[in-house]
Structures are given as structure tokens and as C-alpha cells.
Amino acid sequence: MAKKRPHTKAKRPPLTDEEIPVVGAREPCPCGSGRRYKACHGRAAAHAATELVQRPFESLPGECDWVALRELVPAATAALTLREGLPEDVPSVTLATVLPMAWPALRRDDGSVLLGLQNDTASGDISRDLADTLQRALQAEPGTPVQGRRAPAEGPRLQDLLDLSAPFEPVVHSGFEFWVPDAENATPEVAASLERANAAAIPTVRLQGVQAAYWCETPEKNHLRWVMPHAEEQLLDALARLHAAGGSSLGEGTRLVGSFRAHGLTVPVWDLPSGVGAEDVEKPAAEFAERLAGALAADAPLTPDERRARGGLTNRQVTLS
């Protein structure tokens, strides 16, 4: 009998990293290498998913404001400038604290792009995830949202895509009307969604005299939350010096109550009487900034009172991220 001819398989072109799907860790890697997924492309994916970048917005203009918009501010936008310029069919790119339905991004009907900041991310590097979302939004069909996904491990970060010489100037809104071009003529469904979102938003104002300080109003008392760029240990020493000397408040009835940690930066928080508005703390905040600069420059060892003050501040820290 004649021998059967062996079957031959046509070679398929190798897949790119972006085309390789996620499979079980012990399954053969879809790239065709013959190795298990966990020992091949799964290794980079696992590393990207678990490696935490402590300061994802470092080196971006306005790093402190990026942190504030990510963690503290309900409704705000900021125009973004791309390093390579905008595509012809994209009139603008705008960062937004949050988008309808918690979409990671939205390509509007006019081709403009809204990029959401307050979303869960798939890896430990928020900057890389946002950059991946932004790139896909620039290529999306007008009128469509962009869904989340795990960014490629070697993909660009925001620092690679944005013009680092352009200023970052957040605009704080009283509500989420920026979601739609014409809020007054929105459909009933959109109007209801806006009403719910607006009802949950805490009134917030960005101070003009100092950087990245945000006043907010709550039912019981008001607060000032100020994202600062200084190294945490140095800042806590300086705050302790001021606190021990009675210089840490922002005026009568105000009190430095602690701080947040967020994305590698420290955010001191003051309680304010309910009658104290944003305009009332502009001058006290500017005066505090001058006192803080002097305290940051001091290099003498902390006194016993300053050490006790520092311990109290440390015990009242809350980590947001």
C-alpha cells in the first residue's frame, strides 16, 4: 500500500504582543513559542499587573493636581496637549475626573476625546493604563466609549505621549454638565444621570494663590486638602515644627488634623469652620506656604515637643493609594 503523505501546516505569521490573548498559566502560549504562557508572554503580563509605580504622575506638569483630580476632586477637567500634536480628526483631548457609566474614555460625536481619570486600572502603573486608553480613544469611532483593558507591558506612559512643556490647568466644575455639549437639551435619561451625579458631588474649589490646594464643603465642616510635592519625611518634620510652635493652622477655628498619602505624595488636611469659604483661606494659605518654606529649610534636630507633634501627625495619616 502506498504510504500516506504527512500533513503539512502552513506557517502562520507570528502574533504581535497586542494580539496575544490571556490564557491559563499552564496552557501553551498563543504566540507559538512552545512554552507555557506563564513562562512566556504571561511573565511580562504578570509583572505589569503586580508592579506598583509609587508616583505614576511624576515628571508630568502639575503632578500634585493630577493626584488631587484622581483622589479628591469630584468634577474637574483639564485640557491635554499631545507631544506629537492632535490627529486631524481630533479637535481636542480633555482629562476628566469621571465620565458617564465610569467609561475609561469617550470619543464624542465631534471627534473630541474625554479621558477619565478616576477609574480602576488593570496594572500597577496608572500612567501606562491611561496612556493605552488615550491611544485607543484617539482611534475610536466618533460617538463611542472606550472600554478598559490591561495595557501592554511595554506600552507608552502618559509621560511619553503628553507635551511636558505645556501647563496643566485644572478647571473645577460645580457639576458634571461637561459630560454633554448641551446639558439643557439632554435626553431625560442623561438628565437623570446628571442629576444623580451632581447630587453626590461635594462642592470643591481650587485655591488660586497656592498650588494644588482644594477647599471642599461638607455638611458638618469644611476642609482644605493640599497636595504637596515635598518628600514625606521632610514634610512631616516641617509640619511638626510648625505645629509645635502654634503655626500650623490657617486662622481662628482651623486645625491641621492629619494627612493623606496618595500616589507617592502627602496631602495635609485642615478642618475649617462651616462658615469659612474658599476665598477666606486664600490669604492664610499663602502665609502658611511662607512659614512652611522656612520650616522645610531648617535642619536642626527636632525638639521633644516637635517629636511629639510629629508622632501625632504620623498617627493621623491615611493612605488612599
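At 28% relative accessibility, Arg261 counts as partly exposed, a class that runs between buried (under 20% relative accessible area) and exposed (over 50%), computed with a 1.4 Å probe on protein chains only. This is a predicted model, in which local features need pLDDT of at least 70 and side-chain atom pairs count only at pLDDT 80 or more, while totals for chains, interfaces and linings use all residues. Residues are numbered from 1 along each chain as its sequence is written, and side-chain values use heavy atoms, with hydrogens and water left out.

Arg261 forms a salt bridge with Glu232, and their closest N and O atoms are 2.9 Å apart. A salt bridge here is a side-chain nitrogen of Lys or Arg within 4 Å of a carboxyl oxygen of Asp or Glu. Since Glu232 belongs to helix 6 (residues 232-244) and Arg261 to strand 10 (residues 255-262), the pair ties together parts that are 29 residues apart in sequence. Helices (H or I, at least four residues) and strands (E, at least two) are DSSP runs numbered from the N terminus. Glu232 is also partly exposed, at 25% relative accessibility.

Asp237 forms a salt bridge with Arg310, with closest N and O atoms 2.5 Å apart. This pair links distant parts of the chain, with Asp237 in helix 6 and Arg310 in helix 8 (residues 304-315), 73 residues apart. Arg310 is buried at 16% relative accessibility, whereas Asp237 is partly exposed at 25%. Arg241 forms a salt bridge with Glu306, where the closest N and O atoms are 3.7 Å apart. Because Arg241 lies in helix 6 and Glu306 in helix 8, this pair ties together parts 65 residues apart in sequence. Arg241 is buried, at 13% relative accessibility, and Glu306 is buried with a relative accessible area of 13%.

Another arginine, Arg225, sits in strand 9 (residues 222-226). Arg225 is buried, with a relative accessible area of 15%. Leaving aside residues up to four places away in sequence, Arg225 touches several residues, including Leu72, Tyr214, Cys216, Phe260 and Val267; contact means heavy atoms within 4.5 Å. The side chain of Arg225 reaches the backbone oxygen of Leu72 at 3.2 Å.

For the protein as a whole, there are eight helices and 12 strands. Buried residues make up 44% of the 321 residues. Among contacts between residues at least 6 apart in sequence, 61% join residues at least 24 apart.

Definitions and conventions. A polar contact is a pair of N or O atoms within 3.5 Å; within protein, one must be able to donate a hydrogen and the other to accept it, and residues adjacent in sequence count only if both atoms are side-chain atoms.
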